[in-house]
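Hi,

Here is the structure I promised to pass on. Have a look at it first, then read my notes below.

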Amino acid sequence: MFVASCRTSCRWTAASGNGCACFANIPPTISALKKSGRFYYASSPEIACGRIQADLLNEYFVANPKKIKGKNVNMLLLEGKKDHSAQKYRRLGLTDELAEEGYHVTFVAAQYADWSASLAQPIMDRWLSIYRGAFNAVVAEDDAMALGAIASLVDKKYTDTPSGTEDND
């Protein structure tokens, strides 16, 4: 298996006369898919990813009620690439599910970090200096950006020292 651009993959597959091309998460155009019966698109339902994040936040706040006033979530949000379908639908799933759970979400800050830990970390560094104490949730739309946020939180000593099952700091 190899990874290549959509255009390159289509050319190689069409030229070879065998094999197939499968696209994941970044959909090819409909016309590209129609060029051959050997082109496929597979993706997770991005809205479900956002709903899972909301469920995790709900579980956290239920277990740690002192971390939230009422059902008011003050969120820092690291978003993927602007206008990418995953970015749009992950945010929609997150906000819709939190609303269904009765939460009111205020975005303290939101910024595109293009699925990159190296972009997410300085964004988080800046946010921690500006918004310290003003947020009760940090959400990243993918693992790489989450790792960048975590690196910043650890570096800035914004770490957790759980006691038993409750978050005390």
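Helix α5 (residues 117–131) and helix α6 (residues 143–155) have axes that come within 7 Å and cross at roughly 40°. The crossing of the two helices is right-handed. Keep in mind that this is a predicted model.

Who meets whom there? On the α5 side you'll find A117, A120, Q121, M124, D125 and L128, and they meet A144, M145, G148, A149, A151, S152 and L153 in α6. Sorted by type, the residues of this contact come out as nine nonpolar, three polar and one charged.

**The sheet**

Next, look for an open sheet of three strands, in the order β4-β3-β5, with parallel pairing. β4 and β5 (137–140) stand at the edges with a single partner strand each, so one side of each has no neighbour in the sheet. On average, neighbouring strands here are turned by 25° against each other, ignoring direction.

Strand β3 (residues 72–79) pairs with strand β4 (residues 104–112) over eight bridges, in the parallel sense. To find your way along this pair, look for M75, which stands opposite F107 in β4. The parallel pairing of β3 with β5 runs over four bridges, and there L78 stands opposite A140 in β5.

α4 packs on this sheet and touches β3, β4 and β5, with its direction at about 170° to that of β3. Together, β3, helix α4 (residues 85–100) and β4 form a right-handed β-α-β unit.

Cheers

Conventions: Residues numbered from 1 in each chain as written. Predicted model: local features only at pLDDT ≥ 70, side-chain atom pairs only at ≥ 80, totals over all residues. Heavy atoms only, no water. Pairing = 2+ DSSP bridges. Right-handed = clockwise from strand over helix to strand, strands pointing away. Axes fitted to C-alpha atoms, helices over the stretch in contact; angles between N-to-C directions. Contact = heavy atoms within 4.5 Å. Left-handed = near helix turned anticlockwise from the far one by under 90°. Nonpolar A, V, L, I, M, F, W, Y, C, P; charged D, E, K, R; others polar.
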